[in-house]
Amino acid sequence: MKAEKIVYDHNESSFGIAVFDADGLAEIDIYNENRAVEGNVYLGRIVKKINLAHDKFGFMVEIGDGMEAFLNSYEPALKEANMSEGQSVVVQVAQEKRAEKGAKVVRNVQLVGVNLVYCPFKYDVEYSRKIEDVVKAEKYQHLVRENCVGQEGWILRTIAVEASEQEIIDEMKHLREIYENIRKKARTMSAPALLFAKESPLLEYVRRYHDSLREVVVDSPNLAEEVKNVFAGTVTLQREGFEEYGVDDAIVEALNRTVKLKHSGALHIEETRACVAIDVDSGGVHGGGEVDALNLEAAKEIARQIRLRNLAGKIVVDFAGSSEYRFMKAVIDVLEEELADDAAHSRVLGLSRGGNIEILRQRRRPTLRDLYTVECPTCSGTGRVEP
């Protein structure tokens, strides 16, 4: 996706980030300053040990988020944890709490920098497969290996090849210092406690879309100066930017179950505990060529709605017309193309035996519905009434 404008709006204890592309609003992200954000590191306290399937077990961990987080005892490359109630453990939020579920945390801490990801529990140096200049990627991979201290792991991010060698070395030192500071705090603080808060998500968004970004709208002079340190384009000061740019209305619209397509037909989006179900309503279109055009338009809009609503987990789509692969191949191609650069790592699985197209998307943050609504205590979310 090629973002052109980012709008930041702060409101009491929360702030929002809206991303616009050439077609309008493309992403909305809302952050509550009092909740554990993905990437933050905490000193947690084990509340209880729980049994899982296949003789595995996990832990409920208090991190001060208002809801106990879940920690699996087993993580790749780490010795299986065996702790008891009351013990302290350093954990990082891998998945934020949503609706009735608490956050998911891991012991395998990873610190994300501008050009690198520091992995203290990993013993290898890798580079992003999105880097097109493989020769330079391998050169920088060798550079990082030469500057490793003891056993540690690193991942070169896509943007790393644009940095100088000295910037890479300096960032390695900086991320090591952050991790050492986390370890020092963990030895002196009492659980639950915040050990590390990642940088402002706004700066993360600016870096993600720096190639196409033209303007960033913020609501404070101090934040404007921070943005100018990483962005050479236009930085605009605007109070209540969400209202000014129609984001508030777009959020209300994004909570609707039905999305009308431009030419004909509609999408019906249902978020359930098991998966997200999307039905493409043909709206009376029956001709073969018209149905094909409808499905291609729907595929683009589905990719947009996935980003906009932050839908995640298993997403099952029932397109209009025939579900034979020869008709769905072009639709799958459009979905893959539209979701190729998705920061949440979407994967189009293809056509199921039941004729539906399935998508898997990494769950990192709550959906818009989770952030703005709660389940009805009367109907438990069924939303139906007796005739």
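In this predicted model, Glu 180 counts as partly exposed, at 35% relative accessibility. Its salt-bridge partner is Arg 183, and the closest N and O atoms of the two lie 3.4 Å apart. Arg 183 is partly exposed too, with a relative accessible area of 40%. Both residues belong to helix H2 (residues 165-188), and because they are three residues apart there, about one helical turn separates them.

Side chains of opposite charge can pair when their charged atoms come close. Take Glu 38 and Lys 198, whose side chains meet with an N to O distance of 3.5 Å. This pair ties together distant parts of the chain, with the two residues 160 residues apart. Glu 38 sits in the loop between strand S3 (24-32) and strand S4 (41-51), while Lys 198 sits in the loop between strand S13 (193-196) and helix H3 (201-208). Glu 38 is buried, at a relative accessible area of 16%, whereas Lys 198 is partly exposed, at 22%. The two also take part in a network of salt bridges that links them with Glu 204, Arg 208 and Arg 364.

Another salt bridge joins Arg 369 and Glu 271, and here the closest N and O atoms are 3.8 Å apart. Once again distant parts of the chain are linked: Arg 369 comes from helix H9 (residues 368-372) and Glu 271 from strand S17 (residues 266-271), 98 residues apart. Arg 369 is partly exposed, with a relative accessible area of 34%, but Glu 271 is buried, at 17%.

What about the cysteines? A disulfide is a covalent bond between the sulfur atoms of two cysteines. A search of the whole structure turns up zero disulfides. For Cys 148, the closest cysteine sulfur is that of Cys 119, and at 11 Å it is too far for a bond. Cys 379 is in no disulfide either, its nearest cysteine sulfur being that of Cys 376, 3.6 Å away. The cut-off here is 2.5 Å. Cys 148 is partly exposed, with a relative accessible area of 24%, and Cys 379 is likewise partly exposed, at 22%.

Turning to the strands, five of them make an open sheet with mixed pairing, in the order S3-S2-S1-S14-S15. S3 and strand S15 (234-237) stand at the edges with a single partner strand each, so one side of each has no neighbour in the sheet. From one strand to the next, the twist averages 15°. Within this sheet, strand S1 (residues 5-11) and strand S14 (residues 215-218) run parallel and pair over three bridges. Val 7 stands opposite Val 217 in S14. Helix H4 (residues 221-228) lies across S1, S14 and S15, and runs at about 175° to S15.

As for what is tucked away from the surface, the buried residues in H8 include Met 328, Val 331, Ile 332, Val 334 and Leu 335.

Definitions and conventions. Residues are numbered from 1 along each chain as its sequence is written. This is a predicted model: local features need pLDDT of at least 70, side-chain atom pairs count only at pLDDT 80 or more; totals for chains, interfaces and linings use all residues. Side-chain values use heavy atoms; hydrogens and water are left out. Buried means under 20% relative accessible area, exposed over 50%, partly exposed in between (1.4 Å probe, protein chains only). Helices (H or I, at least four residues) and strands (E, at least two) are DSSP runs, numbered from the N terminus. A salt bridge is a side-chain nitrogen of Lys or Arg within 4 Å of a carboxyl oxygen of Asp or Glu. Two strands pair if DSSP finds at least two bridges between them. Axes are lines fitted to C-alpha atoms, for helices over the stretch in contact, and angles run from 0 to 180 degrees between N-to-C directions. Contact means heavy atoms within 4.5 Å.
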